[in-house]
Amino acid sequence: MRSFWTRFLGNRAGVIAGAYVLALILVMLVVGLVPGPDPNAITPEVMRAPSIEHPLGTDELGRDVLISIAHGIKVSLSVGFAAALGATAIGILVGSMAGFFGGAIDLIFMRVSEIFQVVPSFILAAVIVALSGPGLLQVVVVISLLAWPQVARLMRGEVMRVKQLEFVDAVRCLGVRETAILTGEVIPNALAPSVAAGTLVVAQAILLEAALSFFGLSSVDIVSWGRMLNSGQRFLFNAWWLSVFPGAAIFLTVLAFNLLGDALGSALNPRTPSGK
Amino acid sequence: MSGNILELTDLTFSYTSRGRTVRALDAVSLFVAAGEAVGLVGESGSGKSTLARVALGLTPAQFARIEAGQIQIDGRDATHYSEDDWSRMRGNPVAIVFQDPLSYLNPVMRVGQQIAESIVRHTPELAVAPRVRELLELVKLPAVCATSYPHELSGGMRQRVLLAIAIACRPKLLIADEPTTALDVTTQAEILGLLAELRRRLDMAMLLISHDLGIVAQACERIYVMYAGRIVEWGSTSAVFETPAHPYARGLLHAANADRDSEGRFVTIPGDPPGVGVAPIGCPFALRCAHAMSDCTKQMPPAVLLDQASGHTVRCWLHRSDGAGGPQG
Amino acid sequence: MTPALLDIVDVSKTFRRTRTEVVQAVRSVSLTISAGETVALIGESGSGKSTLGRMALGLLKPDSGRVLVEGRSLYDLSGADLRSARVAMQPVFQDATAALNPRRTAREHLLQALAVRGAATEDQAAALLESVGLQPGSEYLNRFPHELSGGQRQRLTVARALAPQPRLIIADEPLSGADVSIRGQILNLLLDIKRERGIAYLLITHDISVARAFSDRVAIMRRGEIVEMGPARLVLTQPEHEYTRHLLAAVPALPATRSSIARPGHRCAPGLAR
């Protein structure tokens, strides 16, 4: 455990990214708990460029961009985490069984995962939304279904590597049953790359949610960075701040999760040298 | 200007890893004269592989430093060579083969092509194809092997290919770092036989580095025994094997011979081999030595010549130059 | 008549490398090990010795033939019977690092192995560690495999093998990964175990000197078959089969150590005898 932190803290990019994410969570909590300006409050100060009272400007209904972005964190992070959790859970389950048992199970599971990989993400999203209406839950489901194959693939590979190690045989010689071996010995040692991949799914999810919002396929009544981009695109040339700032928020957050996932992956790998 | 192809004098070499500085070689002195076969024996952490790499400048410049001492190759001072200088040195006069041929051969290039690379680089005036055939014949490989990929050949054959690449440059000295460790004992015997023959035909010196005392005994005229980055005993093979002076060398030989004591237990060296870079004061073997004395932990013992004829020398406080503790029959 | 401890009867195993190529790893091999015996299985790479070892441990089902553990056919058992048969034989592997779960402490490894025989206590685990030379046992309980040296890791795997009180230890190249200077320590450990507990050994190795030092009987294996088998002393000094002779001739000989230079009054090792 100690060595994990040493390795992680030695990765400067990862640490900065981690700090950024923590800051985001902090802002989200503050905004959620402390009563403050309502992001949906319509004011007469319409289409103001960034100024002292409105550091990031206001939109066509007079809503403050900074406040809106702060409130948008909740959607992005919750969708991101929920989707990542879903994808990782499914991926680990499928991947470990495919990798451990091999044979027909491997074949079936991998072909199924390929089906999900081949489906164009947007078509799937559009179909699901068309069937059940727009909403955050639908978005989470769509992303989970799209992202689990990549986690499964990683997990399968790692499980196939670990199951050949001698300590697995040694435990077999103690008479332990195969399923107990899978859950007790193999999976814990095969998790690392999949966990790191899961972090990357957060980034993917945030992007996808933004894209869906942009096309109006996500929930309309909540504040979301994607929805802000959607509304702001009309005014791209006369009110650049309505697109640039939400866009920057998406970009920075996705970048942060990518770097975090990278750092996590290296830190979980005991062979990475600590410190630079 | 002696006739030595390789001469290391009081070489101290260290490198930085994970923020720590590790002294891999400490005041190491060693030489290989033209045409002779010299063995370097040591276990993990001894620094023997590092020595092989330092002798050819194969260490990464940013992390590694020669702190003191000198490297002389074929009479020239190579201590401060740049990468370009080393590049010209490698292959001729000094070539090197390593332990695991599969890692050192390009998996997507045919073997004949890889040998050809070496020829083109060092002897560009020669016609390539006949020279490749000649080299394959020298290492006793059938000529058809030239069109094979490394994974299509057995371990022994791959090692022969590495040898062919090495001798293509007509080196005066071949450094072989654990050349047979990954091979079966019967293949090992063949490769050792081949090395002896190559040495004879090409008048080539050899520095054979290994943890296996048996192959060093068979192939080398002189040997050096290394422990924790220092050379603790050296001399002719017969002298060192028949009358080992350093307790570590004695322990190694007991282990290699599977000697047992009166209770039927195997004679061993207690403790573990030193971790890389542990730099104790005094003799590094003191912790494991049955004969450790107070001086052993204070200062590294000086070299004491035990026998002029065989050049048998030891660095151990049990043997002092003033004669106290001289050789016993 | 009590059945032999391990009876391998006419066992074969073929592997499919590609759709057309097959490798006959083991061909109709029979081998018997009696209680308390040490048998060395000597072979080079590709001889099939490791495959045979895995089949003997119950890890790989043979294509034909049977593996009998104390009279019972190992691959026909299930449930509690299978478990008790399995537990009678324990492995010691070559790579001690791969043989230990990197996420479990020494304590967890040993408790898991002890639990096979019923109650498992920390005192038992500590005692096991001390019996393999890791003293004091309590200090090593909390260590993870990467916190131990190579020799200590190998000792831990031996302790784990002893925990279920096996009657046979199948050791696949137990010394190959170890440095020369600690090989003797591990050999002594195995020797002590043999003497004190009367455990039988199947020692799989390519190193003839190890086999010579440690076994009652040897079997020489080549390309899936046993070409010669008999008392160790006999086979290794007067080999009958050509391959055995070839193998023995290939081992480099060390010049005999006549004497060790020592200080006046010093003896190089207590009661050294050959």
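Helices and strands here are DSSP runs, numbered from the N terminus, a helix having at least four residues and a strand at least two. The model is a predicted one.

H7 of chain C covers residues 180-197, which makes 18 residues. From its first C-alpha to its last it reaches 26 Å. That is close to the 26 Å expected at 1.5 Å a residue. Val180(C), Ser181(C), Ile182(C), Arg183(C) and Gly184(C) are among them. What covers them? The cover includes two helices of chain C, H6 (150-162) and H8 (208-214). It also includes a helix of chain B, H10 (247-257).

Now step back to the whole of chain C. Its secondary structure comes to 10 helices and 11 strands. The chain has 274 residues, and a compact globule with that number would have a radius of gyration near 19 Å. Chain C has 20 Å, which agrees. Along the principal axes, its C-alpha trace spans about 65 × 50 × 45 Å. Of its residues, 46% count as buried. Take the contacts between residues at least 6 apart in sequence: 65% of these join residues at least 24 apart.

One peptide bond in chain C deserves a look. Gln135(C) and Pro136(C) are joined by a cis peptide bond, with omega about -5 degrees. Pro136(C) sits in a loop, between helix H4 (122-131) and helix H5 (137-140).

Turn to chain A. How many helices and strands does it have? Chain A has 10 helices and 0 strands. Its pattern along the sequence reads α-α-α-α-α-α-α-α-α-α. Its C-alpha atoms fill a box of roughly 75 × 45 × 30 Å along the principal axes. Of its 276 residues, 43% count as buried. Among contacts between residues at least 6 apart in sequence, 71% join residues at least 24 apart.

Next, a pair of helices in chain A. Two packed helices are described by the angle between their axes and the distance between the axes. Helix H8 (residues 178-214) and helix H10 (residues 241-268) of chain A have axes that come within 7 Å. The axes cross at roughly 175 degrees. Angles over 145 degrees count as roughly antiparallel. H8(A) and H10(A) are therefore roughly antiparallel to each other. Which residues meet? On the H8(A) side they include Ala192(A), Val195(A), Leu200(A) and Ile206(A). On the H10(A) side they include Ile250(A), Phe257(A), Leu260(A) and Leu268(A). The residues of this contact divide into 16 nonpolar, 5 polar and no charged.

Is Val162(A) buried or exposed? The cut-off for a buried residue is 20 or more other C-beta atoms within 10 Å. Val162(A) has 23 such neighbours, so it counts as buried. Leaving out residues up to four places away in sequence, Val162(A) touches Val186(A), Asn189(A) and Ala190(A). Val202(A) is 40 residues from Val162(A) in sequence. In space the two are 27 Å apart, C-alpha to C-alpha.

Chain B gives a contrasting pair to think about. Ala33(B) lies in strand S2 (residues 20-33). Ala33(B) and Met206(B) are 173 residues apart in sequence. In space they are 9.2 Å apart, C-alpha to C-alpha. Ala33(B) touches Gly3(B), Asn4(B) and Ala205(B), not counting residues up to four places away in sequence. With 16 other C-beta atoms within 10 Å, Ala33(B) is partly exposed.

Arg170(B) is not a glycine, yet it has a positive phi of about 50 degrees. Its loop runs between helix H6 (155-167) and strand S7 (173-177) of chain B. Arg170(B) has 14 C-beta neighbours inside 10 Å, so it counts as partly exposed. Ala228(B) also has a positive phi, near 50 degrees, in a residue other than glycine. Ala228(B) is found between strand S9 (222-227) and strand S10 (230-236). With 25 C-beta neighbours inside 10 Å, Ala228(B) counts as buried.

Definitions and conventions: Residues are numbered from 1 along each chain as its sequence is written. Chains are lettered from A and ligands numbered from 1 in the order in which they are written. This is a predicted model: local features need pLDDT of at least 70, side-chain atom pairs count only at pLDDT 80 or more; totals for chains, interfaces and linings use all residues. The radius of gyration is taken over C-alpha atoms; the globule rule is 2.2 Å times the number of residues to the power 0.38. A residue is buried if 20 or more other C-beta atoms lie within 10 Å of its own, exposed if 12 or fewer, and partly exposed in between; C-beta atoms are placed from the backbone. Two residues are in contact if their C-beta atoms, placed from the backbone, lie within 7 Å. The expected span of a helix is 1.5 Å times one less than its number of residues. Axes are lines fitted to C-alpha atoms, for helices over the stretch in contact, and angles run from 0 to 180 degrees between N-to-C directions. Angles under 35 degrees count as roughly parallel, over 145 as roughly antiparallel, 65 to 115 as roughly perpendicular and the rest as oblique. Ala, Val, Leu, Ile, Met, Phe, Trp, Tyr, Cys and Pro count as nonpolar, Asp, Glu, Lys and Arg as charged, and the others, Gly among them, as polar.
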